[in-house]
Structure formats: structure tokens, C-alpha cells
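Here is a short briefing on how side chains pack in one protein model. Have the sequence and the 3D view open as you read.

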Amino acid sequence: MGAGLSTRFHRIGKNADRWLDLDLPVVTELRSQLDTQTQQHQFVSASVMDFDWMDTLTDVAPENILFIAEGLLAYFEVNEVQQLISAMRSRFPGATLDVEILGNYTKISNKNFTKIGAPLKWFVKDEQDLTAMGLQVVNVGSLYQLYPERWPWQWQILLKFLTQFSYFRNGYLIVETKL
Ligand SMILES: C[S@@+](CC[C@H](N)C(=O)[O-])C[C@H]1O[C@@H](n2cnc3c(N)ncnc32)[C@H](O)[C@@H]1O
């Protein structure tokens with residue numbers, strides 16, 4: 001959802017029965033110039049907020065679906081996120097939804113997002129905000145704590161210290177949920 005030009009299918013999706021990359025028409029057109037659709041890997045031109053896209057998934061059992069919303073939900077108002085989650089819960093109960101959510105700490109970078117016409121609108125306190133929306137939180141990790149080996153050692157020390165503080169830890173959360 002809001003797949004952008006993500007190459008995740010080519011990296012890890014080859015074993016999926018079907019992989020849909022959904023984004024707005026302008027982005028899907030660009031993707032079509034760079035990549036080729038197949039029966040297995042399809043591009044869906046739609047806004048996630050026009051819920052008709054959910055009809056493309058009527059022939060799949062919800063428990064066999066993994067939705068990924070990375071770098072997407074923070075661009076919507078909280079009531080829009082709630083509407084989307086409620087619609088997905090009623091259509092796909094039991095499906096997995098993995099989301100990236102941003103905490104108040106991230107507000108400091110919003111000036112830059114606003115300058116390029118993509119202001120961030122939804123900031124969470126922590127993963128409990130997802131529970132309050134009806135999602136079941138299965139797993140949660142701070143981006144700053146996941147894969148520490150990917151950071152230079154000086155950063156590893158700094159991040160270990162800073163993520164003791166919830167304000168910083170909740171800046172970027174990757175959360176696995178059940179609808
Ligand atoms: C920051 S990018 C993230 C791209 C990709 N998920 C990633 O992590 O690399 C946000 C994406 O969300 C898409 N997007 C924004 N509003 C959307 C909407 N209403 N429906 C579908 N996609 C949307 C944008 O076009 C953009 O490709």
C-alpha cells in the first residue's frame with residue numbers, strides 16, 4: 001500500500017502467489033516504465049482511501065494476506081487512518097498488516113516534508129494508538145533498535161542509549177498487527 005517504487009517484490013516476494021503494488025496512478029505509471037507486470041506481480045492504480053481496491057482481493061482468505069503500509073499512513077489525518085483500518089478490518093479480519101508509524105519525535109523533520117508538498121499529519125504516542133484503532137499488536141520494534149549491525153559502532157552506542165527514552169524509541173516504529 002503506497003508502494004512507491006519499492007523493489008521488495010524482486011528482493012523477497014518471488015514465493016508469493018500474488019504480489020500487488022498499489023499506489024496513485026501517477027506513481028504506478030512511472031513503475032510501469034521501469035518494471036513489467038506479470039500474473040504474479042500486479043500494479044494497482046488507486047488511492048488507498050478509495051476502498052474499491054479491496055475488491056481485487058475477494059478470492060483470497062484474509063489469513064493468507066500480508067498488507068504492508070510503509071511510509072504511508074503518516075501522510076493521512078488520524079480520522080482517515082481510522083476509516084482505512086476499520087474498512088480493512090471488516091473486509092479482511094485476521095489478515096496481517098505491517099505498518100511503519102511515526103512518533104512525535106519525528107515532527108522535527110516535518111518542515112522539510114512540508115517544503116516538498118508532502119506534510120506529515122499523523123503522529124502516534126506509541127503502538128497503543130494502533131490498539132485503540134482496533135488492531136491487535138503482534139510485534140513491535142523501533143527502527144533505531146532493529147538490525148543494530150547496520151549502524152556504525154558509534155551510532156550503535158548512541159542509539160542504545162537514546163532508545164531507552166520512549167520519546168526517541170517511538171520516533172519510528174515498525175509494527176506487525178492483525179486486522
Ligand atoms: C514515502 S513513499 C513510500 C514508498 C514505499 N512504501 C517505500 O517505503 O519505499 C509514500 C508513497 O505513498 C504514496 N501515496 C500517498 N498517498 C497515497 C494514497 N492516497 N493512496 C495510495 N498511495 C499513496 C505516494 O505516492 C508514495 O509513493
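**Core and ring contacts**

In this predicted model, the largest nonpolar core has 33 residues, and Met1, Trp53, Phe67 and Met88 touch the most other members. Strand 3 (66-69), helix 3 (78-91), strand 4 (96-102) and strand 6 (172-178) each supply at least two residues of this core. Helix 3 gives the most, with 5 residues.

**The core**
- Nonpolar side chains tend to be buried together in soluble globular proteins.
- Trp53 touches residues beyond four places away in sequence, including Met1, Leu22, Val44, Phe67, Leu84 and Met88.

**Aromatic pairs**
- The model has 10 aromatic pairs.
- Tyr105 and Tyr144 pair edge-to-face, with 6.4 Å centre to centre and 80 degrees between the planes.
- Tyr105 lies in the loop between strand 4 and helix 4 (110-115), and Tyr144 in the loop between strand 5 (136-142) and helix 6 (153-162), so their pair ties together parts that are 39 residues apart in sequence.
- Tyr144 and Phe168 are stacked, because their ring centres are 4.5 Å apart and their planes are at 20 degrees.
- Phe168 sits in helix 7 (residues 166-169), 24 residues from Tyr144 in the chain.
- Ring pairs link Tyr105, Tyr144, Tyr167, Phe168 and Tyr172 into a cluster.

- Tyr105 is partly exposed, at 22% relative accessibility.
- Tyr144 is buried, at 12%.
- Phe168 is buried, with a relative accessible area of 11%.

**Charges over rings**
- The charged end of Arg31 sits over the Phe43 ring, 5.5 Å from its centre.
- Arg150 lies over the face of Tyr147, 4.0 Å from the ring centre.

Conventions: Residues numbered from 1 in each chain as written. Predicted model: local features only at pLDDT ≥ 70, side-chain atom pairs only at ≥ 80, totals over all residues. Heavy atoms only, no water. Core = buried A, V, L, I, M, F, W, Y, C linked by side-chain atoms within 4.5 Å. Buried < 20%, exposed > 50% of the residue type's maximum accessible area, 1.4 Å probe, protein only. Helix = DSSP H or I, 4+ residues; strand = E, 2+ residues; numbered from the N terminus. Contact = heavy atoms within 4.5 Å. Phe/Tyr/Trp six-rings, centres within 6.5 Å; stacked < 30°, edge-to-face > 60°. Lys NZ or Arg CZ within 6 Å of the ring centre and 35° of its normal.
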